[in-house]
Amino acid sequence: MINKSIIYVDKKNPERVVPLLVQTASRYDSSITFTRREKTANVKSIMGMLNFGLISGEPIEVQIDGEDEKEAMEQIESFLTASKLSEE
């Protein structure tokens, strides 16, 4: 299990952030959970992430557990800290 505090950086296309984050997390077998101020969300759940609400500049506690946890953490951290989304 890996735990890390990551500060989310606001994206240029906010309406696309949650679906792309869920899509990124869903590539991994590991469980991925975000926690902020007693609020917790399964990152693979679109509804959970919409209810969680990403707030730019606030730290998010990221917990990843599973066989591909290291690679998953690298991708999630990269996603959260990149200053813009690609136009894939």
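Is G57 buried, exposed or partly exposed? At 46% relative accessibility, G57 is classed as partly exposed, where buried denotes under 20% relative accessible area, exposed over 50% and partly exposed the range in between (1.4 Å probe, protein chains only). The structure is a predicted model, in which local features require pLDDT of at least 70 and side-chain atom pairs count only at pLDDT 80 or more, while totals for chains, interfaces and linings use all residues. Residues are numbered from 1 along each chain as its sequence is written, and side-chain values use heavy atoms, with hydrogens and water left out.

The chain contains 3 helices and 4 strands, which follow one another from the N terminus in the order β-α-β-β-α-β-α. With a radius of gyration of 12 Å, close to the 12 Å given by the globule rule for 88 residues, the chain is as compact as a globular protein of that length; the radius is taken over C-alpha atoms, and the rule is 2.2 Å times the number of residues to the power 0.38. Helices (H or I, at least four residues) and strands (E, at least two) are DSSP runs numbered from the N terminus. The C-alpha trace spans about 30 × 30 × 20 Å along its principal axes. Of the 88 residues, 38% are buried. Among contacts (heavy atoms within 4.5 Å) with a separation of 6 or more, 67% link residues 24 or more positions apart.

G57 itself is located in the loop between helix 2 and strand 4 (59-65). Not counting residues up to four places away in sequence, G57 touches I7 and Y8. The C-alpha atoms of G57 and T81 lie 9.9 Å apart, at a sequence distance of 24 residues.

The accessible surface of the chain amounts to about 5300 Å², 47% of which belongs to carbon and sulfur atoms; areas derive from the Shrake-Rupley method with a 1.4 Å probe, and for residues only the protein chains shown count as cover. I46, M47 and L50 form a nonpolar surface patch of about 290 Å². M47 belongs to helix 2 (residues 46-52) and is exposed, with a relative accessible area of 54%.

Most residues other than glycine have a negative phi. R37, however, has a positive phi near 45°, and R37 is exposed at 65% relative accessibility. E38, in the loop between strand 2 and strand 3, has a positive phi of about 65° although it is not a glycine. E38 is likewise exposed, with a relative accessible area of 84%.

Definitions and conventions: Patch = residues over 30% accessible without salt bridge, like charges linked within 9 Å, V, L, I, M, F, W, Y side chains within 5 Å. Salt bridge = Lys/Arg side-chain N within 4 Å of Asp/Glu carboxyl O.
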